[in-house]
Amino acid sequence: MFPGTTMLNYIFWMVMGALQVLIVMGLVEWLKSRGRKPVWWQVALLYAGFAFLCAVVAGGTTLMGEFETIAGWYFIGVLGLPVVICLAIAVRLFVMKKPTQG
Amino acid sequence: MANEHNALDIINDPKNRVTDAGNAGAGENGNDVGEPGGENKGVSRRNFLKFGGVAAAAATMAGAAGAGFAVGRSDDAYTGYGRTFQGGDQFFNREPFRCDVPVMMEPVGKVVRPEWTEYLFLRLRALVDIIKSGKWTPDMGVEALPGPVGDHYRARPGELEIMLESLQRNVKRAEAWKKGKNKRYALAGAYNMALRLGGMELPGHVQRIPEDPHDEHMRTGKPIPPEDWDYRGIWREKPMEFKSPKHASVLIKRMAHQFGMSLVGITKFDPRFMFKGVMRGMPDKGHYTWGDKVPEHWKSIIIFGVPMNWDGTYAAVGYSTSFDAYFRSRVAASLMERFIRELGYPARAQFPGSNYEIMMSPYVQLAGLGQYSRAGVVMVPELGANFRPAAIVTNIEFEYDKPIDVKMADFCKKCKICAEQCPSGAIPFDDEPQTVVRGFKRWKLNEEKCYQQWASGPTQDGLGCRVCIGVCPYSRKNTWIHAISREMEPRDPTGLVSQGLLAMQKNFFKFHEAEDYRSDWDGGKEASYHNPPWWMRAENFLEIEKDWEYHGME
Amino acid sequence: MTFKKVFSLAIFIAFVGLCGFELTNQIRESAERDLASVRYVRGIASETDAPAQGQAPSGATPKKNQDFNLDDILKETDLDG
Amino acid sequence: MSAKTVERISAIAALIILLAAWIAGGVRSKGATLERIGNISEEIVDVRQVGPSVYEGHRRGDAGDKLCIAVAEHPGYGGPVQVAVVMNSAGIIERIALVDTTDTTTYVSRVLDAAVLDAFLGTSASRPPKVDAVTGATLSSTAMIKAANKAAAHIKGTVGESGPVAVSPDEMVKAGLTVALFLAAFLISSRFFRWNKTYARLGLLTAATVILGFLYGTQPSLASLALLLAGFWTKGLASYTALICLVLAFVVFFATKKNLYCAMICPFGGLQEGLGRITKRSPPERTAWMKWISRGFALTALSAALYFRNPSDAEYTPFGMAFSFIGSTAIFALTVLILVASLVVKRPWCALLCPATPVFDYLAFMRNWLTRGRKKEKQS
C-alpha cells in the first residue's frame with residue numbers, strides 16, 4: 001500500500017486484519033438482528049464472497065496501476081458481476097429466507 | 001459447530017470488543033470508521049457493531065483497491081530491476097516443466113547450419129560494402145549482385161528491393177530526426193546513445209565491452225583464431241578442478257546473478273545453431289575463409305540476460321531502446337569471461353548487438369530459459385518476450401539444464417496480437433507454423449520487412465521497433481495477477497485457463513491499429529503502445545514547446 | 001422520497017448518460033465516415049493516381065529507388081545492430 | 001391542450017421525422033456514391049447513373065471513350081465493403097477501387113497485400129477471375145471478392161440485387177426455433193392454456209434466454225427495426241433471425257393486443273428478471289418525463305440510422321454486450337450497471353430506457369387511435 005516505507009505497510013495490514021474481525025462481528029450481529037441464528041458456515045460463505053469481491057477489485061486496480069486503466073475496469077466489471085450475484089443469492093438464502101431448521 | 005458458536009461468543013465478549021473498537025478507531029487513519037470506534041458511548045453495542053461492520057467493509061474494499069493500485073504502480077513490479085543480484089528474479093520454478101526437446105526443435109527435414117548471410121546485419125554490411133566498392137549499383141538488379149549476399153537475395157525474390165527501400169528510409173528517418181524528432185525524442189535518444197556509445201563501445205575499433213577479437217584484428221591486421229583469443233590472459237598452468245559438474249553449474253549461475261543477470265541457463269554447445277562462415281578475429285570475420293569449422297574447446301555455453309527497461313519498451317517505437325539491456329548483458333559477459341579465465345578455463349563472449357558466431361535464441365531454448373514465439377523472439381516465463389541475452393562459450397564440464405515446455409508456444413498459436421500489431425506486417429499469421437527453416441518447422445519472421453520498420457521508426461539510429469515485444473501478453477510487470485496466470489496456465493491440462501486469459505487479453509485490453517505505430521512521414525500517427533514514462537518526456541524538462549500528441553493506450 | 005424513487009432516478013440518469021454518450025459517438029462516427037472516401041485504387045495504367053489515403057503497407061510494394069544517394073545512406077545506415 | 005392531443009401530435013411528428021430522415025438518407029447515399037466514383041480517378045468525368053448501382057462516364061478529354069463504373073457491396077467483417085469496378089469500352093476492367101469499408105485497417109491491408117483486387121485488373125467483366133480468400137482475413141477478403149464479382153455482374157446487367165448471400169441451414173434452424181418460441185408464447189397467453197401461466201411464462205422466458213441469448217446471441221433491437229424500415233433485408237443478410245423475431249413480435253402484438261415479446265421471449269429481459277427473482281423486488285418508479293426521454297432516444301437513434309443508412313447507429317442497447325461481449329466501453333458499463341441494478345429493482349432497463357417500450361407504446365397508441373376512429377365512422 002505504501003511503497004518504499006518500512007512501517008506503514010505493516011501497520012496498514014494489521015489494521016486491515018482488525019477490521020476483518022469487526023466485519024465478521026457486524027455480520028453476526030446483523031443476522032441476529034434479523035432473527036437468524038448465525039450458522040458458522042453461512043457466515044464463512046458470506047465473508048468468503050466479500051473477500052473474493054475485494055480480491056477482484058484489487059486485481060482491477062492493480063491493472064490500473066500498470067497503466068491499463070480500461071482493462072482494469074473491464075476486469076472488475078466482468079469478474080465482479082458473478083461474485084455480486086452469488087453474494088445476492090447467499091443473502092437471499094441465509095438472511096431473507098425464513099429459517100427452516102434451527 | 002458448537003465450538004464455533006463458543007468462539008463467536010468469546011469474540012462477542014465485552015473485553016475483546018473494547019480492544020477491537022480501539023483497533024478500529026486507531027486503525028482508520030482518519031477514515032470514517034474511526035468515529036463510531038471513538039464515540040460509541042451513546043451507540044448501542046449492536047448498532048456499533050452493525051454500522052462499524054459496514055464501515056469496516058467499506059474501508060476494507062477501499063484498502064484492497066488502494067493496495068492493488070500500489071502493487072501495480074510499484075517499482076518492485078519491474079522484474080530485473082530489483083532482486084536480480086541474489087538471483088531473486090529467476091523466480092519461476094522450471095523443474096515441473098522440463099522436457100527433452102524444445103517445442104518446434106524436432107527436425108522435420110535435413111538440419112542445415114545457418115549461412116552467415118542469413119544474419120541480417122552481416123548481410124546488410126556486406127551489401128553496403130559491395131555498393132561502396134562500386135562493383136554493383138541498385139539499378140543493376142539482383143541478378144548482377146555478386147557474392148554470397150547475391151546468392152542469398154536471389155534465393156529470396158523481392159527481399160532485396162525491400163532492403164534497398166529500407167536504406168532509402170534510413171535517409172528519410174535521419175532527415176525527420178534533424179527536422180524535429182530530435183526535440184520530441186531528445187531524452188529517449190540521449191538515453192539510447194549514452195548506453196550505446198558511453199557504456200559499450202567507442203567507434204573505430206578503439207575499445208568495446210567485452211573485448212572483441214574483430215577489433216583486435218582490425219587494429220593489428222593479424223588473424224586471431226579462437227584458440228588464441230579464448231585463452232588470452234590465462235595465468236594458471238592448469239585450470240582449477242570443480243568438485244563436480246553440478247558445483248560448476250551452481251557457482252557459475254550464482255556468479256551470473258552476481259554480475260547483474262536476471263536469468264541464466266547452461267547447456268551443451270550445439271553446433272547446429274552456429275553460423276557457417278563467421279569467426280570474429282579472422283579476416284572479414286571469416287566469411288570467406290572459416291567455413292563450417294567448430295573450435296574443439298567450444299563444449300558448453302552459458303546463456304544469461306536481462307529485460308529491457310519496461311516503461312520504455314511499453315512506449316515502443318520511439319521511446320524504447322535495446323541498449324540498456326545490451327549494456328547490462330555485455331558488461332556481465334565481459335565480467336564472466338574474465339572470471340572463467342581467472343579460473344584457468346577458456347571463455348569467449350557472444351554478445352549483442354551483432355558480435356556472434358551463433359544464433360542466440362536456440363540456445364536460450366536449449367538452456368531451458370524459455371520458448372520460441374510467433375514473433376521469432378524467445379519468450380521466458382519471468383519476462384515474456386522482453387529478454388535480451390548474452391552468452392559465454394567455454395569448455396567447463398557443467399551439469400546442463402533441460403529445455404522447458406510452459407505452453408507459451410501453444411498460446412502463440414491462438415493469440416496473434418504481435419502479428420496484428422506489427423507495423424510492417426513482418427510477423428506471420430498462420431495458426432500452425434507453415435515454413436520449414438533449416439530443417440525445423442516454425443514461424444518465420446520476415447527480417448527485411450521488420451528491418452524496414454526499424455529504418456522508418458522515429459528513433460535516432462534506426463535500430464529497433466520492439467512493438468511486438470511490448471504488446472506480448474507475456475511481457476508484463478511482475479504483479480500478483482500475472483503471477484497467478486503464469487503459474488496456473490502451464491499447469492492446466494484442459495486449456496481452459498489459457499482460453500480465459502486470451503479472451504480477457506483480447507476483450508479487456510485496447511490496442512492501436514498497426515499503422516498507427518509508423519512515423520508521421522510514413523503514414524502513421526507515431527503512436528506508442530503506452531505513453532512514455534515521465535522521465536522520457538522531453539517537454540517535462542527541456543525548454544521546448546510540445547507540438548505533438550501522445551497516442552498511447554492508458 | 002423513498003429509497004426506490006431515489007434509486008430509480010439515479011440509475012435512469014446513469015442510463016441516459018451512457019446511452020446518450022454512445023448514441024452521439026455513433027452518429028459522429030457515421031458523419032465522419034460519410035466524409036471519408038476512396039481508400040485504395042489500383043489501375044492497369046498506373047498506381048500513382050490514387051488519392052493519398054491508405055497506401056499499401058511498407059514493404060508490400062517498394063518503389064524502385066529513384067535516386068540512390070549513396071553517401072547519405074552510408075552516413076545514416078547503422079550497421080552495428 | 002390535453003395529454004391525448006399532445007400524444008397524437010407527437011405521434012404524427014415522429015412519423016414525419018422518420019419519413020424525412022429516410023428520404024434525406026436516400027438522397028445523401030446517392031450523392032456520396034457519385035462523389036466517391038469521382039474520387040477513383042481524375043481521368044473519369046461527368047459520371048451519371050445509368051442503372052441500379054451502375055454508372056457511366058468518359059475519359060477526360062475524350063467524350064467518345066466511354067467508361068462504365070459499377071459499385072457493389074458485400075457484408076464484411078465490420079460492415080459493408082464497397083468496391084467499384086471501372087470497365088473501358090473494350091470490356092476490360094482497367095481500374096478497381098475499394099471505395100468504402102469499415103473493416104479493420106490491418107485486415108484490409110493484408111488483403112490488399114495479397115493483391116486480391118489486383119487479380120481482377122485486365123480481366124473481362126464477363127469472366128471475372130477465381131480468387132481465393134486470404135487466410136487470417138477471410139471475412140474481409142471474401143467480402144471484397146464477392147463485392148468485386150457483384151460489381152462485374154452489375155456491368156453485365158445480370159445481377160440479382162438480392163446478392164449471393166445464401167441462408168445457411170443453421171440459420172433455418174434458428175428461424176424455426178424463433179417461430180416455435182413465439183407459438184409457445186401465443187399458446188401460453190391464450191385462454192386454452194390450462195396450466196399455471198406464471199410458471200409456464202418463466203419457463204418459456206428461460207428457454208428463450210438460453211436459446212436466443214446465450215446460444216445464438218441474436219436478439220432484435222432498434223438496429224433490426226432500422227434494418228426493417230430501411231429495407232436492407234432485401235439486399236440479403238448474414239442472419240435473418242433477429243428480423244423474424246421482430247416481425248413476429250409485431251404480428252402477435254397486432255393480432256392479440258398483448259406484447260408477448262417482452263414478457264416471454266426477450267433474452268435480456270429474461271436475464272434481468274432472473275436476477276430480480278433472486279431478491280424478489282418490485283419494478284422501479286418511472287415518471288412521465290422519463291417516458292418521454294426514452295421515446296426521444298428511440299426516435300433519435302432510429303432517424304439517425306435511417307439517414308445514414310447504417311442500422312448499427314441505432315444501437316444503444318446492451319444486448320450485444322450482454323450475450324456476446326460486443327460493444328463500446330460505455331455499453332459495457334451500462335450492461336454491468338443494469339445487471340447489478342436488476343438485483344435491486346425488477347427489470348430496470350425494460351422499465352426505464354429500453355427502446356422496445358416506446359416502440360410498442362407507439363404501435364398500441366396508433367392501433368387504438370385508428371380502430372377507435374373506425375368505430376366512430378361505423379357509429380355515424
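Trainee: Is Arg123(B) buried or exposed?

Mentor: Some ground rules come before that. This is a predicted model, in which local features need pLDDT of at least 70 and side-chain atom pairs count only at pLDDT 80 or more, while totals for chains, interfaces and linings use all residues. Residues are numbered from 1 along each chain as its sequence is written, chains are lettered from A and ligands numbered from 1 in the order in which they are written, and side-chain values use heavy atoms, with hydrogens and water left out. Burial is read from relative accessible area: buried is under 20%, exposed is over 50%, and partly exposed is in between (1.4 Å probe, protein chains only). Arg123(B) has a relative accessible area of 1%, so Arg123(B) is buried.

Trainee: Which residue meets Arg123(B) in a salt bridge?

Mentor: The general idea is that side chains of opposite charge can pair when their charged atoms come close. The rule asks for a side-chain nitrogen of Lys or Arg within 4 Å of a carboxyl oxygen of Asp or Glu. Here the partner of Arg123(B) is Glu447(B), at 2.8 Å from N to O. The pair links distant parts of the chain, 324 residues apart: Arg123(B) is in helix H5 of chain B and Glu447(B) in helix H17. Helices here are DSSP runs of H or I with at least four residues, strands are runs of E with at least two, and both are numbered from the N terminus. Glu447(B) is partly exposed, at 24% relative accessibility.

Trainee: Which residues are linked in a network of salt bridges?

Mentor: Asp212(B), Asp230(B), Arg280(B), Arg348(B) and Glu357(B). Asp212(B) also has a polar contact of 2.5 Å with the side chain of Asn355(B). A polar contact is a pair of N or O atoms within 3.5 Å; within protein, one must be able to donate a hydrogen and the other to accept it, and residues adjacent in sequence count only if both atoms are side-chain atoms. Asn355(B) is buried, at 7% relative accessibility.

Trainee: What area is buried between chain B and chain A?

Mentor: The size of an interface is often given as the accessible area lost when the parts come together. The loss is taken with a 1.4 Å probe and summed over both parts. For chain B and chain A the buried area is about 4300 Å², and carbon and sulfur atoms give 73% of that. Across this interface the rule finds two salt bridges. Arg45(B) forms a salt bridge with Glu29(A), with the closest N and O atoms 3.5 Å apart.

Definitions and conventions: Buried area is the accessible area (1.4 Å probe) that two parts lose on being put together, summed over both.
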